[in-house]
Amino acid sequence: MNAPVVGQPGGTAGLRRLHWNPWVDCPGGAAKGTDVSQVTSTVRGPRASLLDTETPTGDQQAEVIVVGAGPAGSATATFLARYGVDVVLLDKARFPRDKICGDGLTPRSVRMLARLGIDTSPEAGWHHLKGLRVYGGRVGQLDMEWPVLKDFPNYGLVCPRIVLDDLLAGNAVEAGAKLYTGVRVTEPVIDATGHVKGVKDATGRVWSAPVVVAADGNSARLAVNAGRSHDTRAPMGVAVRAYYESPKHDMEWIESWLELRDGTDLLPGYGWAFPTGAGTVNVGLGMLNSSAAFGNTDYRELQRRWLASTPPEWGFTEVNRVTEIRGAALPMCLNRQPLYADGLLLVGDAAGMISPFNGEGIDYAMEAGQYAATAIVDAKSRGFGTSGAELALNNYGVVVKEAWGSHYRLGKAFVKLIGNPRIMHLCVHYGLSNRRLMILVNKLLANLTDRHDGDVYDKIINSLEKLAPSG
Ligand SMILES: Cc1cc2nc3c(=O)[nH]c(=O)nc-3n(C[C@H](O)[C@H](O)[C@H](O)COP(=O)(O)OP(=O)(O)OC[C@H]3O[C@@H](n4cnc5c(N)ncnc54)[C@H](O)[C@@H]3O)c2cc1C
(Lines give C-alpha, C1' and ligand atoms only; values in the text may rest on other atoms or scores of the structure.)
Protein backbone atom coordinates (compact mmCIF):
# COMPACT_ATOMS: atom_id res chain seq x y z
CA MET A 1 0.00 0.00 0.00
CA ASN A 2 1.26 3.48 -0.78
CA ALA A 3 1.90 5.90 2.03
CA PRO A 4 -0.30 9.00 1.99
CA VAL A 5 0.84 12.15 0.25
CA VAL A 6 2.56 14.54 2.60
CA GLY A 7 1.30 18.02 1.76
CA GLN A 8 3.07 20.37 4.13
CA PRO A 9 5.11 23.18 2.64
CA GLY A 10 8.65 21.98 3.04
CA GLY A 11 7.35 18.42 2.98
CA THR A 12 6.93 16.16 -0.03
CA ALA A 13 3.73 17.47 -1.59
CA GLY A 14 2.75 15.75 -4.77
CA LEU A 15 4.87 12.72 -4.09
CA ARG A 16 3.49 9.31 -3.38
CA ARG A 17 6.15 7.36 -1.56
CA LEU A 18 6.53 3.86 -2.94
CA HIS A 19 9.06 1.97 -0.85
CA TRP A 20 10.59 4.96 0.83
CA ASN A 21 13.69 4.00 2.68
CA PRO A 22 16.14 6.85 2.69
CA TRP A 23 19.13 4.56 2.88
CA VAL A 24 18.39 1.95 0.32
CA ASP A 25 20.95 -0.35 -1.18
CA CYS A 26 21.18 0.12 -4.91
CA PRO A 27 23.31 -2.75 -6.21
CA GLY A 28 22.03 -2.27 -9.75
CA GLY A 29 21.77 1.49 -9.64
CA ALA A 30 20.65 1.68 -13.24
CA ALA A 31 17.53 1.55 -15.33
CA LYS A 32 17.08 -1.71 -17.20
CA GLY A 33 17.19 -1.31 -20.92
CA THR A 34 19.38 1.78 -20.91
CA ASP A 35 22.93 1.50 -22.15
CA VAL A 36 24.16 1.88 -18.56
CA SER A 37 22.25 -1.08 -17.20
CA GLN A 38 25.49 -2.94 -16.47
CA VAL A 39 27.02 -0.06 -14.53
CA THR A 40 26.61 -0.81 -10.87
CA SER A 41 27.26 1.12 -7.69
CA THR A 42 27.42 0.31 -4.00
CA VAL A 43 26.54 3.88 -2.98
CA ARG A 44 23.51 4.15 -0.69
CA GLY A 45 21.27 7.10 0.01
CA PRO A 46 17.89 8.63 -0.79
CA ARG A 47 16.62 7.99 -4.33
CA ALA A 48 14.27 10.10 -6.41
CA SER A 49 13.54 7.00 -8.50
CA LEU A 50 11.81 5.40 -5.54
CA LEU A 51 9.27 8.18 -5.46
CA ASP A 52 6.26 8.15 -7.69
CA THR A 53 5.88 11.77 -8.72
CA GLU A 54 2.28 12.71 -9.34
CA THR A 55 2.42 15.87 -11.38
CA PRO A 56 -0.49 18.07 -10.32
CA THR A 57 -3.02 19.12 -12.94
CA GLY A 58 -3.53 22.77 -13.81
CA ASP A 59 -1.27 25.76 -13.38
CA GLN A 60 0.97 25.79 -10.32
CA GLN A 61 2.62 28.33 -8.07
CA ALA A 62 5.64 28.32 -5.78
CA GLU A 63 8.17 30.77 -4.36
CA VAL A 64 10.91 29.36 -6.60
CA ILE A 65 10.78 27.12 -9.68
CA VAL A 66 14.03 25.27 -10.40
CA VAL A 67 14.27 23.80 -13.92
CA GLY A 68 16.58 20.78 -14.11
CA ALA A 69 17.39 18.27 -11.36
CA GLY A 70 21.07 17.66 -12.08
CA PRO A 71 23.68 18.61 -9.45
CA ALA A 72 23.00 22.34 -9.94
CA GLY A 73 19.21 22.18 -9.65
CA SER A 74 19.06 19.57 -6.89
CA ALA A 75 21.64 21.42 -4.78
CA THR A 76 19.79 24.73 -5.24
CA ALA A 77 16.49 23.10 -4.30
CA THR A 78 18.00 21.34 -1.26
CA PHE A 79 19.42 24.54 0.20
CA LEU A 80 16.25 26.51 -0.58
CA ALA A 81 14.06 23.89 1.08
CA ARG A 82 16.34 23.88 4.10
CA TYR A 83 15.96 27.66 4.31
CA GLY A 84 12.18 27.17 4.38
CA VAL A 85 11.50 28.35 0.83
CA ASP A 86 8.61 26.75 -1.07
CA VAL A 87 10.53 25.30 -4.02
CA VAL A 88 9.43 23.19 -6.99
CA LEU A 89 12.08 21.19 -8.87
CA LEU A 90 11.20 20.13 -12.43
CA ASP A 91 13.02 17.70 -14.72
CA LYS A 92 12.10 16.45 -18.15
CA ALA A 93 13.63 13.04 -17.38
CA ARG A 94 12.44 10.37 -14.99
CA PHE A 95 14.99 9.00 -12.56
CA PRO A 96 17.20 7.09 -12.71
CA ARG A 97 18.57 8.81 -15.80
CA ASP A 98 22.04 8.80 -17.26
CA LYS A 99 24.19 11.87 -17.88
CA ILE A 100 27.31 11.69 -20.01
CA CYS A 101 30.09 12.46 -17.56
CA GLY A 102 33.37 11.19 -16.14
CA ASP A 103 31.68 10.76 -12.72
CA GLY A 104 34.80 12.11 -10.98
CA LEU A 105 34.30 13.91 -7.68
CA THR A 106 37.35 15.78 -6.46
CA PRO A 107 37.65 16.94 -2.82
CA ARG A 108 35.78 20.14 -3.87
CA SER A 109 32.77 18.00 -4.77
CA VAL A 110 33.15 15.85 -1.66
CA ARG A 111 32.95 19.00 0.47
CA MET A 112 29.72 19.99 -1.27
CA LEU A 113 28.19 16.53 -0.84
CA ALA A 114 28.88 16.84 2.89
CA ARG A 115 27.27 20.28 2.97
CA LEU A 116 24.24 18.80 1.24
CA GLY A 117 24.00 16.26 4.04
CA ILE A 118 25.13 13.23 2.05
CA ASP A 119 27.11 10.59 3.92
CA THR A 120 30.14 9.76 1.75
CA SER A 121 31.68 7.28 4.17
CA PRO A 122 32.83 3.82 3.06
CA GLU A 123 30.03 2.47 5.30
CA ALA A 124 27.55 4.21 2.98
CA GLY A 125 29.13 2.35 0.06
CA TRP A 126 31.50 5.05 -1.25
CA HIS A 127 34.87 4.03 -2.67
CA HIS A 128 37.45 6.57 -1.43
CA LEU A 129 40.24 7.71 -3.73
CA LYS A 130 43.47 9.08 -2.39
CA GLY A 131 44.66 11.14 -5.32
CA LEU A 132 45.57 11.58 -8.92
CA ARG A 133 47.88 9.31 -10.94
CA VAL A 134 49.24 10.97 -14.06
CA TYR A 135 50.76 9.17 -17.05
CA GLY A 136 52.96 10.92 -19.58
CA GLY A 137 56.28 12.57 -20.31
CA ARG A 138 59.67 11.26 -19.26
CA VAL A 139 58.62 10.00 -15.82
CA GLY A 140 55.96 7.67 -17.17
CA GLN A 141 53.81 7.70 -14.02
CA LEU A 142 53.38 10.15 -11.16
CA ASP A 143 51.18 9.63 -8.09
CA MET A 144 49.96 12.70 -6.23
CA GLU A 145 47.79 12.40 -3.13
CA TRP A 146 45.04 14.95 -2.66
CA PRO A 147 46.47 17.78 -0.54
CA VAL A 148 45.82 18.03 3.17
CA LEU A 149 44.00 21.35 3.60
CA LYS A 150 41.89 23.26 6.06
CA ASP A 151 39.25 24.07 3.43
CA PHE A 152 38.76 20.63 1.81
CA PRO A 153 38.74 16.93 2.68
CA ASN A 154 41.63 14.91 1.25
CA TYR A 155 39.76 12.20 -0.60
CA GLY A 156 37.92 11.95 -3.88
CA LEU A 157 35.08 9.76 -5.11
CA VAL A 158 33.61 8.38 -8.29
CA CYS A 159 29.87 7.84 -8.61
CA PRO A 160 28.08 6.99 -11.86
CA ARG A 161 25.73 9.86 -12.64
CA ILE A 162 22.81 7.48 -13.00
CA VAL A 163 23.20 6.97 -9.26
CA LEU A 164 24.56 10.35 -8.13
CA ASP A 165 21.82 12.46 -9.71
CA ASP A 166 19.10 10.13 -8.45
CA LEU A 167 20.59 10.51 -4.98
CA LEU A 168 20.92 14.32 -5.19
CA ALA A 169 17.32 14.70 -6.36
CA GLY A 170 16.15 12.31 -3.63
CA ASN A 171 18.13 14.36 -1.13
CA ALA A 172 16.35 17.53 -2.31
CA VAL A 173 13.00 15.85 -1.72
CA GLU A 174 14.12 14.73 1.72
CA ALA A 175 14.98 18.36 2.47
CA GLY A 176 11.46 19.39 1.45
CA ALA A 177 11.59 20.31 -2.24
CA LYS A 178 8.68 19.22 -4.44
CA LEU A 179 10.11 17.23 -7.34
CA TYR A 180 8.13 16.61 -10.52
CA THR A 181 9.80 14.50 -13.20
CA GLY A 182 8.76 13.94 -16.80
CA VAL A 183 8.03 17.67 -17.04
CA ARG A 184 9.68 19.25 -20.08
CA VAL A 185 9.90 23.01 -19.71
CA THR A 186 9.55 24.70 -23.07
CA GLU A 187 9.78 28.44 -22.40
CA PRO A 188 9.91 31.16 -19.76
CA VAL A 189 6.78 33.15 -19.03
CA ILE A 190 7.78 36.81 -19.36
CA ASP A 191 5.59 39.76 -18.36
CA ALA A 192 5.25 43.11 -20.11
CA THR A 193 8.20 44.55 -18.18
CA GLY A 194 10.51 41.76 -19.37
CA HIS A 195 10.49 40.01 -15.98
CA VAL A 196 10.43 36.17 -15.90
CA LYS A 197 7.34 35.17 -13.91
CA GLY A 198 7.47 31.42 -14.37
CA VAL A 199 7.80 28.72 -17.01
CA LYS A 200 5.54 26.83 -19.37
CA ASP A 201 5.87 23.07 -19.85
CA ALA A 202 5.22 20.91 -22.91
CA THR A 203 1.61 20.32 -21.86
CA GLY A 204 0.98 24.07 -21.71
CA ARG A 205 0.85 24.13 -17.90
CA VAL A 206 2.27 27.29 -16.32
CA TRP A 207 4.48 27.10 -13.21
CA SER A 208 4.59 30.59 -11.67
CA ALA A 209 7.10 31.97 -9.18
CA PRO A 210 8.77 35.30 -8.41
CA VAL A 211 12.16 33.63 -9.02
CA VAL A 212 13.03 31.00 -11.63
CA VAL A 213 16.33 29.08 -11.60
CA ALA A 214 17.66 27.73 -14.91
CA ALA A 215 19.62 24.56 -14.10
CA ASP A 216 18.86 22.75 -17.33
CA GLY A 217 22.44 21.90 -18.28
CA ASN A 218 24.54 22.72 -21.29
CA SER A 219 21.61 23.16 -23.69
CA ALA A 220 20.61 26.16 -21.55
CA ARG A 221 17.29 26.31 -23.39
CA LEU A 222 15.59 28.41 -20.75
CA ALA A 223 18.32 31.03 -20.69
CA VAL A 224 18.49 31.05 -24.50
CA ASN A 225 14.72 31.55 -24.70
CA ALA A 226 15.05 34.40 -22.22
CA GLY A 227 17.55 36.05 -24.58
CA ARG A 228 20.83 35.13 -22.88
CA SER A 229 23.34 34.10 -25.50
CA HIS A 230 26.75 32.65 -24.73
CA ASP A 231 30.11 34.33 -25.08
CA THR A 232 31.68 32.66 -28.11
CA ARG A 233 35.16 33.78 -26.96
CA ALA A 234 34.98 31.69 -23.80
CA PRO A 235 36.76 28.33 -23.96
CA MET A 236 34.67 25.28 -24.71
CA GLY A 237 35.46 21.60 -24.39
CA VAL A 238 34.11 18.38 -25.74
CA ALA A 239 34.47 14.98 -24.06
CA VAL A 240 33.44 11.37 -24.64
CA ARG A 241 33.21 8.45 -22.26
CA ALA A 242 32.22 4.81 -21.89
CA TYR A 243 32.25 2.26 -19.06
CA TYR A 244 34.57 -0.75 -19.20
CA GLU A 245 34.67 -3.84 -17.01
CA SER A 246 38.17 -3.81 -15.66
CA PRO A 247 40.35 -5.15 -12.84
CA LYS A 248 41.23 -1.49 -12.21
CA HIS A 249 37.69 -0.83 -10.96
CA ASP A 250 38.80 -0.74 -7.32
CA MET A 251 42.10 1.15 -7.62
CA GLU A 252 42.60 3.99 -5.15
CA TRP A 253 43.50 6.65 -7.71
CA ILE A 254 41.80 8.54 -10.47
CA GLU A 255 44.05 8.39 -13.50
CA SER A 256 44.90 10.88 -16.25
CA TRP A 257 46.78 10.50 -19.53
CA LEU A 258 48.33 13.71 -20.74
CA GLU A 259 49.51 12.47 -24.12
CA LEU A 260 46.60 12.42 -26.52
CA ARG A 261 47.94 12.75 -30.03
CA ASP A 262 46.64 13.84 -33.37
CA GLY A 263 49.36 12.27 -35.50
CA THR A 264 52.47 13.62 -33.80
CA ASP A 265 50.93 16.76 -32.28
CA LEU A 266 49.94 16.72 -28.61
CA LEU A 267 46.29 17.71 -28.16
CA PRO A 268 45.13 20.16 -25.44
CA GLY A 269 43.23 17.69 -23.34
CA TYR A 270 43.57 14.47 -21.41
CA GLY A 271 42.27 10.96 -21.10
CA TRP A 272 40.93 9.61 -17.82
CA ALA A 273 40.12 6.36 -16.05
CA PHE A 274 37.87 6.83 -13.02
CA PRO A 275 37.16 3.65 -11.01
CA THR A 276 33.58 3.16 -9.79
CA GLY A 277 34.67 0.59 -7.20
CA ALA A 278 31.93 -1.76 -8.43
CA GLY A 279 33.25 -3.62 -11.44
CA THR A 280 33.59 -0.89 -14.03
CA VAL A 281 35.83 2.06 -14.85
CA ASN A 282 34.58 5.24 -16.50
CA VAL A 283 37.10 5.88 -19.27
CA GLY A 284 37.02 8.92 -21.51
CA LEU A 285 38.85 11.83 -22.98
CA GLY A 286 38.25 15.53 -23.30
CA MET A 287 39.69 18.27 -25.40
CA LEU A 288 39.67 22.07 -25.46
CA ASN A 289 38.73 24.22 -28.43
CA SER A 290 42.08 26.04 -28.47
CA SER A 291 43.72 23.72 -31.00
CA ALA A 292 43.25 23.40 -34.74
CA ALA A 293 42.24 19.74 -34.28
CA PHE A 294 39.20 20.60 -32.12
CA GLY A 295 36.54 20.62 -34.82
CA ASN A 296 38.15 17.93 -36.98
CA THR A 297 38.61 15.09 -34.55
CA ASP A 298 36.63 11.86 -34.41
CA TYR A 299 36.62 11.56 -30.62
CA ARG A 300 35.23 8.04 -30.48
CA GLU A 301 37.95 6.88 -32.82
CA LEU A 302 40.56 8.80 -30.79
CA GLN A 303 39.35 6.98 -27.67
CA ARG A 304 39.61 3.57 -29.39
CA ARG A 305 43.11 4.36 -30.67
CA TRP A 306 44.29 5.61 -27.30
CA LEU A 307 42.88 2.63 -25.41
CA ALA A 308 44.44 0.19 -27.88
CA SER A 309 47.79 1.49 -26.62
CA THR A 310 47.02 0.80 -22.92
CA PRO A 311 48.18 -2.46 -21.27
CA PRO A 312 45.82 -5.33 -22.20
CA GLU A 313 45.57 -6.46 -18.55
CA TRP A 314 43.77 -3.21 -17.72
CA GLY A 315 40.88 -4.47 -19.79
CA PHE A 316 40.03 -1.28 -21.67
CA THR A 317 39.06 -3.32 -24.70
CA GLU A 318 36.06 -3.31 -27.01
CA VAL A 319 34.98 -6.68 -25.53
CA ASN A 320 34.89 -5.18 -22.02
CA ARG A 321 33.14 -1.97 -23.07
CA VAL A 322 29.67 -2.13 -21.52
CA THR A 323 28.21 1.13 -22.84
CA GLU A 324 28.40 3.16 -26.01
CA ILE A 325 31.11 5.81 -26.30
CA ARG A 326 29.05 8.98 -25.98
CA GLY A 327 30.05 12.62 -25.86
CA ALA A 328 28.83 16.06 -24.87
CA ALA A 329 30.01 19.67 -24.72
CA LEU A 330 31.63 21.35 -21.72
CA PRO A 331 30.67 25.02 -21.40
CA MET A 332 33.32 26.89 -19.41
CA CYS A 333 34.37 30.11 -17.66
CA LEU A 334 30.87 31.54 -17.06
CA ASN A 335 30.17 31.65 -20.78
CA ARG A 336 26.53 32.67 -20.31
CA GLN A 337 25.69 35.82 -18.40
CA PRO A 338 24.24 37.71 -16.63
CA LEU A 339 23.98 35.13 -13.89
CA TYR A 340 20.89 36.95 -12.64
CA ALA A 341 18.54 39.33 -14.38
CA ASP A 342 14.80 39.88 -14.56
CA GLY A 343 13.74 37.07 -12.25
CA LEU A 344 15.91 34.39 -13.92
CA LEU A 345 19.01 33.00 -12.26
CA LEU A 346 21.46 30.62 -13.99
CA VAL A 347 23.38 27.81 -12.23
CA GLY A 348 25.72 25.05 -13.38
CA ASP A 349 26.29 24.24 -17.05
CA ALA A 350 23.43 26.58 -18.00
CA ALA A 351 25.82 29.38 -17.00
CA GLY A 352 28.95 27.61 -18.32
CA MET A 353 30.52 26.97 -14.92
CA ILE A 354 32.91 24.13 -15.88
CA SER A 355 36.57 24.70 -15.00
CA PRO A 356 38.82 24.91 -18.08
CA PHE A 357 41.68 23.45 -16.05
CA ASN A 358 40.25 19.96 -15.57
CA GLY A 359 36.70 19.83 -17.00
CA GLU A 360 35.17 19.58 -13.55
CA GLY A 361 31.63 20.92 -13.39
CA ILE A 362 29.71 18.94 -10.77
CA ASP A 363 31.29 20.78 -7.89
CA TYR A 364 30.82 24.23 -9.39
CA ALA A 365 27.19 23.36 -10.13
CA MET A 366 26.54 22.37 -6.50
CA GLU A 367 28.45 25.30 -5.02
CA ALA A 368 26.60 27.71 -7.26
CA GLY A 369 23.40 26.13 -5.99
CA GLN A 370 24.35 27.14 -2.47
CA TYR A 371 25.20 30.69 -3.55
CA ALA A 372 21.94 30.93 -5.50
CA ALA A 373 19.83 29.68 -2.60
CA THR A 374 21.51 32.17 -0.25
CA ALA A 375 20.74 35.07 -2.59
CA ILE A 376 17.15 33.92 -3.02
CA VAL A 377 16.50 33.57 0.70
CA ASP A 378 17.98 37.04 1.21
CA ALA A 379 15.60 38.32 -1.47
CA LYS A 380 12.67 36.60 0.19
CA SER A 381 13.43 38.29 3.50
CA ARG A 382 13.25 41.68 1.76
CA GLY A 383 10.04 40.79 -0.09
CA PHE A 384 10.14 39.33 -3.59
CA GLY A 385 9.52 42.00 -6.20
CA THR A 386 11.00 44.85 -4.16
CA SER A 387 14.11 46.74 -5.20
CA GLY A 388 15.87 45.33 -2.12
CA ALA A 389 15.12 41.80 -3.31
CA GLU A 390 16.52 42.61 -6.75
CA LEU A 391 19.72 43.82 -5.10
CA ALA A 392 20.02 40.56 -3.18
CA LEU A 393 19.45 38.50 -6.33
CA ASN A 394 21.99 40.55 -8.28
CA ASN A 395 24.46 39.80 -5.52
CA TYR A 396 24.50 36.14 -6.64
CA GLY A 397 26.58 37.04 -9.70
CA VAL A 398 28.93 39.13 -7.58
CA VAL A 399 29.50 36.28 -5.12
CA VAL A 400 30.12 33.71 -7.88
CA LYS A 401 32.64 35.94 -9.63
CA GLU A 402 34.35 36.73 -6.36
CA ALA A 403 34.68 32.98 -5.70
CA TRP A 404 35.85 31.81 -9.13
CA GLY A 405 36.34 34.80 -11.44
CA SER A 406 40.11 34.80 -11.07
CA HIS A 407 40.29 31.00 -11.46
CA TYR A 408 38.40 31.23 -14.75
CA ARG A 409 40.50 34.17 -15.94
CA LEU A 410 43.70 32.24 -15.32
CA GLY A 411 42.06 29.24 -16.95
CA LYS A 412 41.45 31.21 -20.14
CA ALA A 413 45.16 32.01 -20.37
CA PHE A 414 46.00 28.34 -19.65
CA VAL A 415 43.67 27.15 -22.44
CA LYS A 416 45.34 29.46 -24.96
CA LEU A 417 48.82 28.31 -23.92
CA ILE A 418 48.22 24.57 -24.10
CA GLY A 419 46.45 24.98 -27.45
CA ASN A 420 49.99 25.33 -28.85
CA PRO A 421 51.31 21.76 -29.33
CA ARG A 422 54.89 22.87 -28.59
CA ILE A 423 53.95 24.37 -25.24
CA MET A 424 51.84 21.32 -24.43
CA HIS A 425 54.87 19.15 -25.25
CA LEU A 426 57.14 21.23 -22.96
CA CYS A 427 54.62 21.03 -20.12
CA VAL A 428 54.18 17.25 -20.37
CA HIS A 429 57.76 16.33 -21.21
CA TYR A 430 59.58 18.50 -18.66
CA GLY A 431 56.84 19.54 -16.23
CA LEU A 432 55.95 16.03 -15.12
CA SER A 433 59.49 15.26 -14.03
CA ASN A 434 59.47 18.16 -11.56
CA ARG A 435 57.60 16.85 -8.54
CA ARG A 436 57.31 20.20 -6.75
CA LEU A 437 55.92 21.82 -9.87
CA MET A 438 53.42 18.99 -10.22
CA ILE A 439 52.18 19.40 -6.64
CA LEU A 440 51.50 23.02 -7.52
CA VAL A 441 49.84 22.09 -10.82
CA ASN A 442 47.66 19.46 -9.14
CA LYS A 443 46.37 22.04 -6.66
CA LEU A 444 45.90 24.65 -9.36
CA LEU A 445 44.00 22.39 -11.76
CA ALA A 446 41.63 21.06 -9.14
CA ASN A 447 41.26 24.50 -7.51
CA LEU A 448 42.28 23.10 -4.13
CA THR A 449 43.98 25.71 -1.99
CA ASP A 450 43.38 27.16 1.43
CA ARG A 451 42.12 30.71 0.88
CA HIS A 452 43.58 31.88 4.17
CA ASP A 453 46.85 30.99 5.78
CA GLY A 454 47.76 28.29 3.23
CA ASP A 455 51.15 26.80 2.43
CA VAL A 456 53.60 28.24 -0.09
CA TYR A 457 51.89 26.48 -3.03
CA ASP A 458 48.55 27.99 -2.02
CA LYS A 459 50.11 31.43 -1.77
CA ILE A 460 51.64 31.13 -5.26
CA ILE A 461 48.35 29.95 -6.80
CA ASN A 462 46.24 32.55 -5.03
CA SER A 463 48.67 35.27 -6.18
CA LEU A 464 48.73 33.95 -9.76
CA GLU A 465 44.94 34.05 -9.85
CA LYS A 466 44.96 37.64 -8.60
CA LEU A 467 47.38 38.55 -11.38
CA ALA A 468 45.40 36.78 -14.12
CA PRO A 469 44.55 39.12 -16.98
CA SER A 470 40.89 40.05 -17.36
CA GLY A 471 38.86 39.36 -20.50
C1 LIG B 1 32.06 13.58 -21.06
C2 LIG B 1 31.99 14.49 -19.85
C3 LIG B 1 32.73 14.17 -18.73
C4 LIG B 1 32.65 14.98 -17.59
N5 LIG B 1 33.32 14.58 -16.47
C6 LIG B 1 33.19 15.27 -15.33
C7 LIG B 1 33.78 14.79 -14.12
O8 LIG B 1 34.41 13.73 -14.09
N9 LIG B 1 33.64 15.54 -13.00
C10 LIG B 1 32.94 16.70 -13.00
O11 LIG B 1 32.87 17.35 -11.95
N12 LIG B 1 32.34 17.16 -14.12
C13 LIG B 1 32.41 16.47 -15.28
N14 LIG B 1 31.77 16.89 -16.40
C15 LIG B 1 30.92 18.09 -16.32
C16 LIG B 1 29.57 17.78 -15.63
O17 LIG B 1 28.96 16.67 -16.25
C18 LIG B 1 28.62 18.98 -15.68
O19 LIG B 1 29.31 20.14 -15.36
C20 LIG B 1 27.45 18.81 -14.70
O21 LIG B 1 26.63 17.74 -15.08
C22 LIG B 1 26.61 20.09 -14.62
O23 LIG B 1 25.47 19.87 -13.84
P24 LIG B 1 24.11 20.65 -14.13
O25 LIG B 1 23.17 20.30 -13.03
O26 LIG B 1 24.39 22.07 -14.42
O27 LIG B 1 23.56 20.06 -15.52
P28 LIG B 1 23.09 18.53 -15.90
O29 LIG B 1 23.82 17.61 -15.04
O30 LIG B 1 23.21 18.47 -17.33
O31 LIG B 1 21.57 18.53 -15.45
C32 LIG B 1 20.60 19.23 -16.18
C33 LIG B 1 19.22 18.64 -15.89
O34 LIG B 1 18.25 19.46 -16.55
C35 LIG B 1 17.26 18.64 -17.13
N36 LIG B 1 16.66 19.38 -18.23
C37 LIG B 1 17.25 19.79 -19.38
N38 LIG B 1 16.37 20.45 -20.15
C39 LIG B 1 15.20 20.47 -19.48
C40 LIG B 1 13.90 20.98 -19.76
N41 LIG B 1 13.63 21.62 -20.92
N42 LIG B 1 12.91 20.82 -18.86
C43 LIG B 1 13.15 20.17 -17.70
N44 LIG B 1 14.35 19.64 -17.38
C45 LIG B 1 15.36 19.79 -18.25
C46 LIG B 1 18.05 17.39 -17.59
O47 LIG B 1 17.19 16.25 -17.75
C48 LIG B 1 19.05 17.24 -16.44
O49 LIG B 1 18.54 16.39 -15.42
C50 LIG B 1 31.85 16.14 -17.58
C51 LIG B 1 31.12 16.48 -18.73
C52 LIG B 1 31.19 15.66 -19.86
C53 LIG B 1 30.37 16.02 -21.08
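Is Met366 buried or exposed? Met366 counts as buried, because 28 other C-beta atoms lie within 10 Å; the term asks for 20 or more other C-beta atoms within 10 Å of a residue's own, whereas 12 or fewer make a residue exposed and counts in between make it partly exposed, with C-beta atoms placed from the backbone.

## Basis of the model

This is a predicted model, in which local features need pLDDT of at least 70 and side-chain atom pairs count only at pLDDT 80 or more, while totals for chains, interfaces and linings use all residues. Residues are numbered from 1 along each chain as its sequence is written.

## The chain as a whole

The protein chain holds 10 helices and 23 strands, where helices (H or I, at least four residues) and strands (E, at least two) are DSSP runs numbered from the N terminus. Its C-alpha atoms fill a box of roughly 65 × 50 × 45 Å along the principal axes. The radius of gyration of the protein chain is 22 Å, which agrees with the value near 23 Å that a compact globule of 471 residues would have; this radius is taken over C-alpha atoms, and the globule rule is 2.2 Å times the number of residues to the power 0.38.

Of the 471 residues, 52% count as buried. Among the contacts in the protein chain with a separation of 6 or more, 72% come from residues 24 or more positions apart, a contact being a pair of residues whose C-beta atoms, placed from the backbone, lie within 7 Å.

## Two domains

The domain assignment gives domain 1 (15–107 + 160–232 + 333–403) and domain 2 (236–331), with bounds that come from an automatic or database domain assignment. The centres of domain 1 and domain 2, taken over C-alpha atoms, are separated by 28 Å. Across the boundary, 21 residues of domain 1 are in contact with 25 residues of domain 2. On the side of domain 1 that touches domain 2, the residues divide into six nonpolar, 12 polar and three charged; here Ala, Val, Leu, Ile, Met, Phe, Trp, Tyr, Cys and Pro count as nonpolar, Asp, Glu, Lys and Arg as charged, and the others, Gly among them, as polar.

## Around the ligand

The ligand is surrounded by 41 residues, of which the closest are Gly70, Gly102, Gly217, Gly348 and Gly361; a residue is near a molecule if its C-beta atom, placed from the backbone, lies within 6 Å of it. Because domain 1 and domain 2 both give residues to this shell, the ligand lies between them.

By class, the shell has 18 nonpolar, 12 polar and 11 charged residues. At least two residues of the shell come from each of α1 (71–82), β5 (87–91), β15 (236–245), β21 (326–331) and α6 (362–382).

## Met366 in helix α6

Met366 lies in helix α6. Leaving aside residues up to four places away in sequence, Met366 touches Pro71, Ala75, Ser109, Met112 and Leu116. From Met366 to Leu302 the separation is 64 residues in sequence and 31 Å in space, C-alpha to C-alpha.

## A four-stranded sheet

Four strands form an open sheet in the order β3-β13-β12-β11, with mixed pairing, and two strands pair if DSSP finds at least two bridges between them.

Strands β11 and β12 run antiparallel and are joined by five bridges, and Val189 has Gly198 in β12 as its bridge partner. Gly198 also has a bridge partner in β13, namely Ser208, where β12 (residues 196–201) and β13 (residues 206–208) pair in the antiparallel sense over three bridges. In the hairpin of β11 and β12, with five residues between the strands, Gly194 takes a positive phi near 90°.

## Backbone exceptions

Most residues other than glycine have a negative phi, and most peptide bonds are trans. Ala220, in the loop between β14 (211–214) and α4 (221–225), has a positive phi of about 50° although it is not a glycine. Ala220 counts as buried because it has 25 C-beta neighbours inside 10 Å. Asp342, in the loop between β22 and β23 (344–346), likewise has a positive phi, near 50°, and is buried with 20 other C-beta atoms within 10 Å.

A cis peptide bond joins Phe95 and Pro96, with omega about 0°, and Pro96 is placed in the loop between β5 and β6 (104–105). The peptide bond from Gln337 to Pro338 is also cis, with omega near 0°, and Pro338 is found in the loop between β21 and β22 (340–341).

Key:
Contact = placed C-beta atoms within 7 Å.
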